[in-house]
2 protein chains.
Amino acid sequence: MTSGEETPQRPGERWPTARGPRAGARATSRDVARAAGVSQATVSLVMGEKWRGRVSERTAEAVRSAARSLGYRPNLAARDLRLGRTRTVLLVVPALTNEFFARVHTGVVRVAREHGLGVVLYLSPEGTGPAPDPFASASATLDGVLASSMAAEALGALRGGGLPLVMLDSDPGREGASATVNPDIADGMRQVAGHLLGLGHRRFLHLASDIDTWTFRVRARALADALCATSGVTVRTERAPLTVADGLRATEKALAEPGHRPTAIICDDDVLAAGACKAARRLGLHVPADLSVTGFTDLALATAVEPELTTVQLPAEAVGEAGMRALVAVLDGRTPAPEALPVRLVTRGTTAHART
Amino acid sequence: MTSGEETPQRPGERWPTARGPRAGARATSRDVARAAGVSQATVSLVMGEKWRGRVSERTAEAVRSAARSLGYRPNLAARDLRLGRTRTVLLVVPALTNEFFARVHTGVVRVAREHGLGVVLYLSPEGTGPAPDPFASASATLDGVLASSMAAEALGALRGGGLPLVMLDSDPGREGASATVNPDIADGMRQVAGHLLGLGHRRFLHLASDIDTWTFRVRARALADALCATSGVTVRTERAPLTVADGLRATEKALAEPGHRPTAIICDDDVLAAGACKAARRLGLHVPADLSVTGFTDLALATAVEPELTTVQLPAEAVGEAGMRALVAVLDGRTPAPEALPVRLVTRGTTAHART
DNA sequence: AGCCTCGGGTTTTACGTATAACTTGAAGCG
DNA sequence: CGCTTCAAGTTATACGTAAAACCCGAGGCT
């Protein structure tokens, strides 16, 4: 019927050689049992660390040494089949090319490794729209899910699964989440506000993200609260996608408007701050003498530009680590409390006293 | 014996609840068989796309509809156990926080998904030294391995496995590799040399990586060859780790030396170029009027700095895609030819005519 | 003595799938 | 007709592991 007969569509016969070249057949627990002169069940008991009071120290040692000399490794597919689990968790993030999430991922993988768990990534599509089924994409069954709030749309399909779900960088009270972990971004914004107010700034531009997720709503709210505590403060908001080019565009537009001329720009992300600095330079303004700029996240980019960005350092890897630890706790039947990780304002070259 | 009795060390009893909350028991092929009024074997035949000539269209459709209404998903652990494979490949890279590798990873995952394969990451330790066993770290058996040359040290343990191995960004003739895929970096360096020679530059500084892998050796060699073709050219080499700060330091040091004063700095990476630009500014030099600078890779950083970097754009995602495709080919028993992917010089704001 | 406990194992079974080997009824055919 | 061929299934088995259920001999207790 179909043309293209040369394409082998029979899955069962694919990769017949994949097993062949492997050095002999891998040793199984039965091989170990034979070598140690015990039954397969005993091997399973010993390897599973459940032998206390069930197997004598003599036999246990015999089994261990036989396993060692045969290079025995348990077949994980068989173990998973037996136990009905997968040792695999799904991490849902927008994109790893976003350095923040790459660092979160690093942390997640580190503690996953400690617990013998595998991490499979689901990169949620950039735009919105109905996301493809994360389960299918993972092509694996899962024990649990870690997800960023920036990928919340992709979570529809996960609801039905009833899987343990840990939200990173998200609303602590979020429904459906077994646990939440996030950097204390509200405190970060308060630190920014305090820093700039202390430098005498009163007219602000808030260069915000154009996406409406918890993390950015919190920033806006915390900033507004912190600034309103002081009288005589004005703040305008401009929204833009999180890229340098868009930050530049938005800043040029905002600074061109008459009336409100800010002395400081507070950005939701370092890439926006980099764009703002470029815009300022094009308009003949000197940063930080004429205009102060703050970033958020502390990406590598923050110290690559000149002058280096004053920014809020987010503990990205720690978020990943804490998130994975929380998921392990949930899998163990415990219920971890929501965590808010401390953040820290790093003052560098883009902030200075306001022009009088 | 050991203290800390409250820690449950019995792996078998961990996560007893993980299966419980899952919505009922998942449907198996036997459930589907019962619903469709056929045997389990028939279901397997139909789902495996091997039913042509073995099962009538009527029954096949009945099976498919039963599977659909039960929400049947094959248990992959069972399938793997039966077939003796894992549908999992290992990707070995230095770090995902390096944007280049994050993009390679994105490409790898994209085509892995098309083939129903999972990708597990092994992040090779930054420093050298004996790497931990990638197999253990993966906590999974593997069908194949994709590895970056920058993580070559971590590959010792893989040799013994006899697994298909595709090298990315590596020596085409590398022993032990089933296939190789890399961007044509030699051509990239030739383009850089041609561009700068055309602008009248004759005195160069090559700001190189301090790590000695194939990719950087090739750059040095290609650059030397291209520059030597023209007479009256001098080139000095300075080595530095791939960070902005180190690039800055190395440039300051090189420019402070007497005698040889370059008019152009050719960098092995964008981060070094960013550092070089910062150094130039501190020394009162104007880029590109007084000094031209070129980068390599075209990271996001390249357009974040001011002026934007002239750099060589590497097709990172394409490398990942081609690498994964090559690995699939090897798994299918074919032997793919080494691939060199085209690169392209992007001229932006950091290069100009040499001062006369 | 009779009964129970308990350490130290073994036997057996189930997990869900893929497929080799077998069955069966009908059609083809010289 | 008697033989093969063929479509369309079914039955049976194996993959490697974990663990429930069983077994057995030696003490301990009343």
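User: Which residue is the bridge partner of S148(A) in β4(A)?

Analyst: This is a predicted model. In it, β3(A) and strand β4 (residues 165–168) of chain A pair in the parallel sense over four bridges. Within β4(A), the residue bridged to S148(A) is L168(A).

User: Which residue of β3(A) is the bridge partner of L91(A)?

Analyst: Strand β1 (residues 88–93) of chain A also pairs with β3(A), in the parallel sense and over four bridges. The partner of L91(A) in β3(A) is L146(A).

User: Why is strand β3 of chain A largely enclosed by the rest of the structure?

Analyst: A residue counts as buried when its relative accessible area is under 20%. Both faces of β3(A) are covered, with G144(A), L146(A) and S148(A) buried on one side, and V145(A) and A147(A) buried on the other. Strand β3 (residues 144–148) of chain A is largely enclosed because the number of its residues that are buried is five of the five.

User: In chain B, which strands are the edge strands of the open sheet?

Analyst: Six strands of chain B form this open sheet, with parallel pairing and the order β2-β1-β3-β4-β5-β11. An edge strand pairs on one side only, and this applies to β2 (118–123) and β11 (339–341) of chain B.

User: In chain B, which residue of β4(B) is the bridge partner of S148(B)?

Analyst: Strand β3 (residues 144–148) of chain B runs parallel to strand β4 (residues 165–168) of chain B, and four bridges join them. In β4(B), S148(B) is partnered by L168(B).

User: Are α1(A) and α3(A) parallel or oblique to each other?

Analyst: The axes of helix α1 (residues 29–36) and helix α3 (residues 57–70), both of chain A, come within 9 Å and cross at roughly 120 degrees. That angle makes the arrangement of α1(A) relative to α3(A) oblique.

User: Is the crossing of α1(A) and α3(A) left-handed or right-handed?

Analyst: The two helices cross at roughly 120 degrees. The handedness of the crossing of α1(A) and α3(A) is right-handed.

User: How many nonpolar residues does the contact of α1(A) with α3(A) have?

Analyst: From α1(A), the residues D31(A), V32(A), A35(A) and A36(A) take part. They meet A62(A), V63(A), A66(A), A67(A) and L70(A) of α3(A). By class, this contact has one charged residue and no polar ones, and its number of nonpolar residues is eight.

Notes: Residues are numbered from 1 along each chain as its sequence is written. Chains are lettered from A and ligands numbered from 1 in the order in which they are written. This is a predicted model: local features need pLDDT of at least 70, side-chain atom pairs count only at pLDDT 80 or more; totals for chains, interfaces and linings use all residues. Side-chain values use heavy atoms; hydrogens and water are left out. Axes are lines fitted to C-alpha atoms, for helices over the stretch in contact, and angles run from 0 to 180 degrees between N-to-C directions. Angles under 35 degrees count as roughly parallel, over 145 as roughly antiparallel, 65 to 115 as roughly perpendicular and the rest as oblique. A crossing is left-handed if the near helix is turned anticlockwise from the far one by less than a right angle, and right-handed if clockwise. Contact means heavy atoms within 4.5 Å. Ala, Val, Leu, Ile, Met, Phe, Trp, Tyr, Cys and Pro count as nonpolar, Asp, Glu, Lys and Arg as charged, and the others, Gly among them, as polar. Two strands pair if DSSP finds at least two bridges between them. Buried means under 20% relative accessible area, exposed over 50%, partly exposed in between (1.4 Å probe, protein chains only).
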